[in-house]
Amino acid sequence: MTQNHVAGMETSAISVLKRAVELDHGGRVQESLVCYQEGIQLLMDVMKATVKDESKRGHYREKIKGYMDRAEQIKVHVNQMKEDGKYHEQIRIEDDATGYSYPVLFKPYMSSLLTEVWVQDPYIRHTHQLYNFLRFCEMLLTPSCKVKKIHLLTSQDEANSSQQSSALAELKESLTAQGVNLDLQYSSTIHDREIRFDNGWIIKIGRGLDYFKRPKGRFSVGYCDYDLRQCHETSIDIFHTKHTKTL
């Protein structure tokens, strides 16, 4: 492994661990835990590559131990709050903020135990909202998850119900080919937005999945990569319950 490669890994490790500390200090403990784990692994890879410099290896070893100790403290704290049914985390997205794609928000709460998801959102109707839901479903099709069923409760688009129905029917067929069943239900009275995972996590987003701003153009930065897409101001509340019920 070249020195440049090792230096690049070290830079990545420092960046991820710095983000972990920022999230930790900001009270976003579950997200910080994911970053700590990723950063620790990167730092361990750097240490393994630094075979000839024992003083550097000792330095890395000490840093890794400190981060591992903190990660373990967070894990114990989160598990205790989950056990007591007291876990609550709030994320505030500022107007025009970037870096809040669906994987950034949801992946800290996804695991191999996740098999079923309930989405309640009255605004999965217009074209961009339907694409948002498609992106959310695509995120659930990662190797680390074993999602087999997605429930969507939304409202019907009275102005153009045929577009909504055909788009969701196409998505349902596409998901079926991936071994995932999409259960569609409509309600004319729902207002609240809520996403439930059957591993116990509940995510409530003030604007539902539709918190991204329209890009300035089809060839503008952020059109494809949602981490670069500006957001509307909204708040996200995250809870955990041992008894997840259907919506």
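## A tour from helix to core

Start with helices H1 and H3: H1 passes H3 in a left-handed crossing. A crossing is left-handed if the near helix is turned anticlockwise from the far one by less than a right angle, and right-handed if clockwise. Helices (DSSP runs of H or I, at least four residues) and strands (runs of E, at least two) are numbered from the N terminus.

Before you go on, note that this is a predicted model, in which local features need pLDDT of at least 70 and side-chain atom pairs count only at pLDDT 80 or more, while totals for chains, interfaces and linings use all residues. Residues are numbered from 1 along each chain as its sequence is written, and side-chain values use heavy atoms, with hydrogens and water left out.

**Stop 1: H1 and H3**

Select residues 3-25 for H1 and 54-84 for H3. Their axes are 12 Å apart and pack at an angle of about 35°. Axes are lines fitted to C-alpha atoms, for helices over the stretch in contact, and angles run from 0 to 180 degrees between N-to-C directions. Now show the side chains. H1 brings Glu10, Leu17, Val21 and Asp24 to the contact, and H3 brings Tyr60, Tyr67, Arg70 and Ile74. Contact means heavy atoms within 4.5 Å. By class, there are five nonpolar, no polar and three charged residues here. Ala, Val, Leu, Ile, Met, Phe, Trp, Tyr, Cys and Pro count as nonpolar, Asp, Glu, Lys and Arg as charged, and the others, Gly among them, as polar.

**Stop 2: the whole chain**

Zoom out. The protein has six helices and seven strands. From the N terminus, their order is α-α-α-β-α-β-α-β-α-β-β-β-β. Its C-alpha atoms fill a box of roughly 70 × 50 × 35 Å along the principal axes. Of its 247 residues, 43% are buried. Buried means under 20% relative accessible area, exposed over 50%, and partly exposed in between (1.4 Å probe, protein chains only).

**Stop 3: a loop residue**

Select Asp96, in the loop between strand S1 (88-93) and helix H4 (102-106). Asp96 is not a glycine, yet its phi is positive, about 75°. Asp96 counts as partly exposed, because its relative accessibility is 37%.

**Stop 4: H5 and H6**

Select residues 127-140 (H5) and 161-177 (H6). Their axes come within 11 Å and cross at roughly 15°. H5 is therefore roughly parallel to H6. Angles under 35 degrees count as roughly parallel, over 145 as roughly antiparallel, 65 to 115 as roughly perpendicular and the rest as oblique. The crossing of H5 past H6 is right-handed. Among the residues in contact are Leu130 and Phe133 of H5, and Ala167 and Leu171 of H6. This contact has eight nonpolar, three polar and no charged residues.

**Stop 5**

Is Met139 buried or exposed? Met139 is buried, with a relative accessible area of 5%. Beyond its neighbours within four places in sequence, Met139 contacts Tyr102, Pro103, Phe106, Lys107 and Met110.

Move to Phe106. Its partners, leaving out residues up to four places away, include Phe136, Met139, Ile195 and Phe197. Which members of the largest nonpolar core touch the most others? Phe106, Phe133, Phe136 and Phe197 do, in a core of 63 residues. Helix H2 (residues 29-49) gives the most to this core, nine residues. A nonpolar core is a set of buried Ala, Val, Leu, Ile, Met, Phe, Trp, Tyr and Cys residues joined through side-chain atoms within 4.5 Å.
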